Amino acid sequence: VDASSQRDLRDASVYATFMLPKLYMKMIYCVSCAIHGRVVRVRNKKIRASPEGRIYVRPSFGGKGGGKGGAPGAGAPPK
């Protein structure tokens, strides 16, 4: 809820100290939808199986920092 709506609710409330509860939405995607929506990246089978492939690095699409970014050694071939 934005600040103006919070102020309206506070003004219209009967209670003097009314706090809005924080709401969190748990988003569940199928794999293909998560890849299409850029929630996760596509990884090949070897990287998925290795422990290094399980480190989650949030992708930056069009952000600062040129190049492919990510965890150190994440782009290296498995040993």
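**Reading the model**

Modeller: Along the sequence, the protein follows the pattern α-α-α. Please keep in mind that this is a predicted model.

Colleague: How many helices and how many strands does the protein have?

Modeller: There are three helices and zero strands.

Colleague: What share of the residues in the protein is buried?

Modeller: A residue counts as buried when its relative accessible area is under 20%, and as exposed when it is over 50%. Here, buried residues are 5% of the 79 residues. The protein exposes about 7800 Å², of which carbon and sulfur atoms supply 59%.

Colleague: Which residues form a nonpolar patch on the surface?

Modeller: The patch consists of Met25, Met27, Tyr29, Val31, Ile35, Val39, Val40 and Val42. Together they have about 790 Å² of accessible area. Methionine 25 lies in the loop between helix H1 (3-12) and helix H2 (31-36).

Colleague: Why does methionine 25 count as exposed?

Modeller: Methionine 25 counts as exposed because its relative accessibility is 73%, and the cut-off for exposed is over 50%.

Colleague: Let us turn to the backbone. What is the phi of arginine 38?

Modeller: Arginine 38 has a positive phi of about 60°, although this residue is not a glycine. Arginine 38 sits in the loop between H2 and helix H3 (45-49). With a relative accessible area of 52%, arginine 38 is exposed.

Colleague: Next, pockets. Which residues line the second largest pocket?

Modeller: The lining is made of Val1, Gln6, Leu9, Arg10, Phe18, Met19, Leu20, Pro21, Lys22 and Leu23. By class, seven of the lining residues are nonpolar, one is polar and two are charged. The space in this second largest pocket is about 280 Å³.

Colleague: Where is leucine 9 placed, and how far apart in space are leucine 9 and methionine 19?

Modeller: Leucine 9 belongs to helix H1. From C-alpha to C-alpha, leucine 9 and methionine 19 are 9.7 Å apart in space, and they are 10 residues apart in sequence. Leucine 9 is partly exposed, because its relative accessible area is 41%, a value read against the cut-offs of 20% and 50%.

Note on methods:
Residues numbered from 1 in each chain as written. Predicted model: local features only at pLDDT ≥ 70, side-chain atom pairs only at ≥ 80, totals over all residues. Heavy atoms only, no water. Patch = residues over 30% accessible without salt bridge, like charges linked within 9 Å, V, L, I, M, F, W, Y side chains within 5 Å. Areas by Shrake-Rupley, 256 points an atom, 1.4 Å probe, with all protein chains shown as cover. Salt bridge = Lys/Arg side-chain N within 4 Å of Asp/Glu carboxyl O. Helix = DSSP H or I, 4+ residues; strand = E, 2+ residues; numbered from the N terminus. Buried < 20%, exposed > 50% of the residue type's maximum accessible area, 1.4 Å probe, protein only. 1 Å grid on protein atoms, 1.4 Å probe; cavity = no way out; pocket = protein on both sides within 12 Å on 5 of 7 lines; lining within 4 Å. Points joined across faces, edges and corners; volume = space filled by probe spheres on them. Nonpolar A, V, L, I, M, F, W, Y, C, P; charged D, E, K, R; others polar.
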